[in-house]
Structures are given as structure tokens and as C-alpha cells.
Amino acid sequence: MISDYAGISPRRDILLIQQLCKKLKGKSFLHINSTKEGGGVAEILQRMIPLLQGLGIDARWEVINGDKPFYDTTKTIHNTLQGDNMTISDKAWEHYYEINRKNAAKLDLEADAVLIHDPQPAPLIDFRKNGLWFWRCHIDVSRPNPAVFSHINSFAKKYQATVFSVPKFAKPITSNEFIIPPSIDPLSEKNMDLTDEEITEVADRLGIPRDRPILLQVSRFDRFKDPIGVINAYKMVKKYNDCILVLAGSPASDDPEGEEVLAEVRKYAADDKDILILLLPPFSDLDINALQRMATIVLQKSLKEGFGLTVSEAMWKGKPVLGGAVGGIPLQIVHGLTGFLVHSVDGAAFRIRQYLNDPEMATRMGEAGREYVRDNFLLTRQVRDYLSLWYSVKNRKKGPTFEF
Amino acid sequence: MPQTKIKQTKKNQAKPKHRPSGIPKCAALKDKSFYFMDIVNVIKHTGTKAMSLKEMRDAIASVSKDCLFHHTCQYFSKGNIQEHTNDFAQWIYTSLEQSILAEQLSNIDPYSFTSMTALRKHFLEVIDNYIENFPEPRVALPDEAFFFNEAVTFIFPAGVKARNLAEFLMAIKFVDSSSLYYHFYEARSRLRKGTDDFSKWIDEVGKAPRIAERLRAVDPFMNNLENVREKIIDILEEGIKLEMGEMG
């Protein structure tokens with residue numbers, strides 16, 4: 001219910017959502033992606049679809065199905081669009097198209113507006129029946145493999161509008177290119193308010209001492225998240241300030257390198273009892289929420305990143321944050337105002353020490369961060385933007401300013 | 001974009017009943033209340049980017065008026081929490097480290113220009129003059145390009161109105177920050193007289209010229225939206241007390 005967000009989300013977002021839903025009432029809005037659970041897109045759609053339905057929009061969510069060769073190809077498409085140098089055979093492209101054709105035959109594609117998420121279902125545009133079709137690309141395609149991008153672009157340019165998360169992830173494809181960042185849901189298990197008792201229960205269960213400041217990084221065990229760099233930064237800090245480092249992540253079944261990195265990290269941290277490495281089961285949202293809330297400082301010292309929504313999650317909890325200046329992190333951390341952007345291990349250590357030695361500044365930046373997330377990265381803003389995209393493209397001759 | 005807005009205002013003055021709004025329109029209504037409006041900008045990517053001062057200069061010369069408006073006048077809708085007063089100056093300072101030019105561009109009042117063409121010309125003059133004196137500023141790091149955007153804008157009633165100064169004071173305390181942006185910043189590009197919706201209404205309808213004058217003296221470029229809110233509240237509270245004292 002949209003009213004659940006009153007007092008949490010900005011009033012303007014709720015009002016505009018209501019205004020746009022009044023104008024689009026009874027119209028259908030279809031979302032299509034390739035997975036029902038797991039990943040940020042599914043997480044957002046699970047929350048967004050009922051919200052839209054409650055506002056009188058006939059919102060639906062369909063998922064395409066494929067076989068192993070299809071998913072192998074789409075994984076290669078995903079990696080090559082982000083710059084990996086691999087090739088896709090003509091046969092694989094044909095199969096990719098054929099799976100989309102079969103899905104198009106099975107799915108009800110009739111809708112007033114259709115939002116296709118990511119490259120997997122991009123060819124569905126060839127089976128459009130009616131309505132406005134938009135392609136939402138969640139990944140960074142700024143430096144893609146040219147051949148693969150050219151193939152995907154041949155579908156993408158047929159859409160009425162394209163959507164990227166950040167300008168620097170985008171490639172000019174259509175003349176209607178919107179920038180809509182992802183968001184966090186303040187009411188989800190991962191972000192809702194917790195009581196002190198709930199936080200203490202998680203700390204006790206996971207064996208986290210709370211007698212000293214806690215530095216936390218929540219991420220997959222992946223070299224791009226630089227867990228070894230985080231340990232090195234912690235070691236530099238430890239000479240001056242006693243603290244505990246918690247590295248928490250879930251195993252990724254599709255990432256064989258994860259095991260290797262985890263072993264490396266465990267070995268590197270072995271002789272320090274103040275480094276806690278937590279391997280959480282998938283869907284440990286409540287535990288992650290509690291960990292972020294008990295942390296003194298939250299890090300996301302990535303060397304390469306997508307949007308990096310864990311930063312917004314921590315900021316929403318009022319925590320002072322620091323993050324690598326990569327991917328979508330600089331969009332969330334306004335350096336020196338809502339957190340610190342760092343470019344090295346030394347930079348991370350330096351900023352942690354600053355936070356620890358100036359708790360007043362840390363509190364001020366944490367509060368500024370929470371307000372920044374409220375203004376820019378809550379689910380209601382994303383719903384507002386999707387509806388705005390639909391309404392403005394539908395009424396493009398009357399734009400770019402709409403007065404209600 | 002500002003030209004379009006002026007046209008719309010004139011057009012709607014002829015049909016005021018369709019536009020409950022802030023001061024420029026409600027002045028034409030029988031109901032003299034102040035209707036608070038909210039504003040939301042949804043960002044569109046133009047496909048143009050700059051890595052160097054020269055590229056930025058050439059892009060400023062050629063981008064659409066909507067794009068120029070977005071990076072200058074609409075800059076304040078983002079809360080005005082950063083050090084500089086437009087996106088160009090902010091990027092030139094942080095990514096090119098050209099402090100002098102950033103300072104010069106920050107001192108430009110985008111609302112004081114009669115058109116986007118005039119604003120564009122002035123930006124180019126300042127940048128060209130700087131390039132003449134400092135010909136080779138460094139380029140941005142690969143991850144720090146400047147992206148030229150424009151906005152799709154939605155303006156809609158906030159569902160709050162004030163019939164007198166006391167109600168106005170109450171409303172200011174809790175309206176969304178986008179209302180403050182729309183009436184205190186964006187209004188300057190509609191009204192074009194160095195004034196804003198709030199002080200115009202307080203002067204013309206609230207009949208409190210001294211309060212209006214003090215509001216007009218608040219520097220919009222040196223305050224973020226929440227500071228603006230606090231200053232307006234302080235001025236109104238003092239002004240109302242003073243007026244009540246004079247009456248009593």
C-alpha cells in the first residue's frame with residue numbers, strides 16, 4: 001500500500017505516483033525479466049507490482065524461461081556487454097532468438113506499457129502486439145564488446161525508450177534515454193527498523209562482540225570487492241584505533257571463484273581474532289539489516305561495481321560510509337557530505353580513522369546520508385520514475401514539462 | 001524551457017480556473033490564497049559527454065536549451081548541497097581541478113538572464129576567456145566524464161494552501177522541499193525580476209512588504225533548501241510578531 005510509505009518517502013514522490021496512477025488508471029503495465037527470485041530486479045519487482053496494483057494499475061510480471069544453452073549465451077552476453085572479450089557463435093545467437101520467440105508465443109504480451117529488463121528478453125520487441133515498449137538495462141554497457149553490443153542494439157533501438165541506471169553506464173540508443181537509478185525498499189526485511197533486542201539477538205547468534213567499534217563490509221567474496229584491501233586498511237587503522245572487522249557475504253552458486261576468494265581471505269585473516277568472516281546463507285536479509293545497524297562504519301571498497309546498493313542500505317540506517325569511487329557508488333556518496341569516496345587502501349584507512357576520531361562528523365555525515373537516500377534512492381522514487389517515463393512517452397508531444 | 005513557461009503563464013492567465021498554483025497564476029484568481037506546488041524532474045540522457053574543458057565548452061555551445069536549463073537553473077532542485085552553484089562549475093572544480101574557473105562560473109546567476117541564449121553566451125565568454133589565459137587544463141579521469149542531461153518536469157499541486165501569513169508560516173514548516181525549490185528558485189526563471197513566488201505573494205496579497213523585502217534578501221545560491229526553509233520561517237516569525245506588536 002502506498003500509504004505505508006507516508007512519513008518515510010518524500011511527499012512529492014507519493015503525490016506524483018498518485019497523480020500519475022489517476023491518469024493511467026485501469027491501464028496495463030507489464031514487466032518481463034528472466035528470473036523470479038534472486039537479484040535486485042526481482043527484489044524490486046516483488047515489491048513494486050502489488051504497489052502499482054493497489055493504485056489501480058493493471059500491473060503484471062512475467063518471466064521468460066530458457067534452457068542451459070540459452071542461459072550460457074545470456075551469461076556471455078552479460079559479461080561481454082560489460083567489456084569481456086568473448087565471442088558468441090551464430091548458432092548461439094539463433095538459439096537465443098528462438099527461445100525468445102517461444103516465450104513470446106506463450107506469454108501474454110498485450111499491455112499498454114511493457115518494460116523489458118536486461119538483455120535476456122530484449123528480442124521480445126520483435127513480437128510486440130501493441131502499447132509502448134521500453135528497454136531497461138541494469139548493467140554497465142559503457143565499454144562493451146562491439147560485436148555483442150551491435151547485436152543487442154539491433155533490438156534495443158526498436159524500443160520507444162531506453163533506461164539506464166547511471167549516465168556513465170549508458171550508450172546512446174534511442175532519442176528517449178532515461179536515467180533511473182535502482183532503489184531500496186525501506187519496508188523490506190533488509191531495511192526495516194529493528195529493535196535493539198533484535199540487533200543484539202543477531203550479534204549474539206553470530207558471535208560479534210560489541211565492546212569496540214565495528215567496521216563492516218557486506219558483499220560477495222569477489223576480488224572486485226577487494227576484501228584483502230579491506231583487511232589491509234583495517235590493519236592500518238588498528239595501529240591507532242582498536243576495532244573489529246566483519247566481512248559478511250553469501251556464497252554465490254554461479255561463481256566458482258567465490259570459494260577460492262573466500263579461502264584466500266580466511267587464510268589472510270587467520271591470525272587475527274578481531275576479523276570475523278561470516279558466510280551467511282542466501283536470503284539472510286534480517287541478519288544483514290542487523291549487521292548494518294550494529295556497525296560503526298560501513299565500507300564498500302569495491303574496485304569495480306554495478307550500482308552498489310549496499311551503500312544506500314547502510315546510508316539509510318544512518319551509518320557513516322566509505323566506498324570505492326567506481327560504478328554507481330559516486331552517485332550515492334557525495335564526497336565529504338554523505339560519505340567518503342576512496343581510491344586506495346591508504347585512503348580507506350585514512351577515512352576510517354577520521355570517522356573514528358570525529359564521531360560528531362561521522363554522525364553528521366550518517367544523517368546527511370540517510371536524508372540523501374530518502375530523497376533519491378527509495379522504492380517510491382523508482383516507481384515514480386517508471387510511471388513518469390510511461391506518461392511522458394505517451395504524451396511526448398505535450399512535454400517536456402507537464403503540469404497537473 | 002523558460003520561454004515556454006512564460007508563454008504558458010500568459011495563456012493561463014486568460015483561463016485561470018484551470019490552474020490553481022503559486023503566485024503568478026493565483027494573482028489572476030479571485031481566490032488570493034497561495035497554492036503550494038511540488039515539482040519533480042526525471043532525468044534524460046542526451047548522449048553528449050565531455051572529458052576536457054574544450055569538450056565541455058563545445059558541448060555548452062551546442063546542447064539544447066533544456067539541457068542548459070537543467071545544469072544551471074534546475075541544479076538547485078538537487079538540494080544545493082554541494083559547494084558550487086551549477087553542474088558545470090562543480091565538475092570543473094572536482095574533476096578538472098580548475099578552481100579559478102569554477103569560482104567564476106559559480107558567481108553566474110542563471111536566473112538573471114533574459115533567455116537561455118544569453119546565459120549560454122555568457123558561460124562561453126567566461127570559459128573562452130579562461131582558456132585564453134590557461135590553455136591546457138588537464139582532462140578528467142576516465143571514470144569522471146561529464147554527462148549532459150535534460151529533464152522531463154512534472155509540476156503538480158502539493159495539496160496545501162495558505163490564506164494568510166499565519167497559515168503560510170505553518171505550511172512552510174512542512175511542505176516538501178520541492179515546493180521550496182519550485183517557488184523560491186524556479187520562480188525566478190518565470191518571474192524574471194529577481195523575485196520569487198513567496199515574496200511576491202507576501203508583498204501583494206499578504207500586504208507585508210517588509211517581510212517580502214527580507215525574503216528577497218535571502219541569497220538563494222548560498223543556502224541549501226533546508227537552510228532556505230529555516231530562514232523563511234525565522235523571517236516570517238519575526239515579521240508576524242512585529243506586525244502584531246504594531247497592531248496591538
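Colleague: Why are α5(B) and α6(B) called roughly antiparallel to each other?

Modeller: The axes of helix α5 (residues 87–94) of chain B and helix α6 (residues 99–106) of chain B pack at an angle of about 165°, and angles over 145 degrees count as roughly antiparallel; α5(B) and α6(B) are therefore roughly antiparallel. Their axes are 8 Å apart. The model is predicted: local features need pLDDT of at least 70, side-chain atom pairs count only at pLDDT 80 or more, and totals for chains, interfaces and linings use all residues. Residues are numbered from 1 along each chain as its sequence is written, while chains are lettered from A and ligands numbered from 1 in the order in which they are written.

Colleague: Which residues make the contact of α5(B) with α6(B)?

Modeller: On α5(B) they are B:F88, B:A89, B:I92 and B:Y93, and on α6(B) they are B:S99, B:L101, B:A102, B:L105 and B:S106. Residues are in contact if their C-beta atoms, placed from the backbone, lie within 7 Å.

Colleague: What makes 7 residues of this contact nonpolar?

Modeller: Ala, Val, Leu, Ile, Met, Phe, Trp, Tyr, Cys and Pro count as nonpolar, Asp, Glu, Lys and Arg as charged, and the others, Gly among them, as polar. By that division there are 7 nonpolar, 2 polar and no charged residues.

Colleague: How do you know that β13(A) pairs with strand β2 (residues 146–162) of chain B?

Modeller: Pairing requires that DSSP finds at least two bridges between two strands; here 3 bridges join β13(A) to β2(B), and the strands run parallel. A:T401 stands opposite B:T153 in β2(B).

Methods
Axes are lines fitted to C-alpha atoms, for helices over the stretch in contact, and angles run from 0 to 180 degrees between N-to-C directions. Helices (H or I, at least four residues) and strands (E, at least two) are DSSP runs, numbered from the N terminus. Angles under 35 degrees count as roughly parallel, over 145 as roughly antiparallel, 65 to 115 as roughly perpendicular and the rest as oblique. Two residues are in contact if their C-beta atoms, placed from the backbone, lie within 7 Å.
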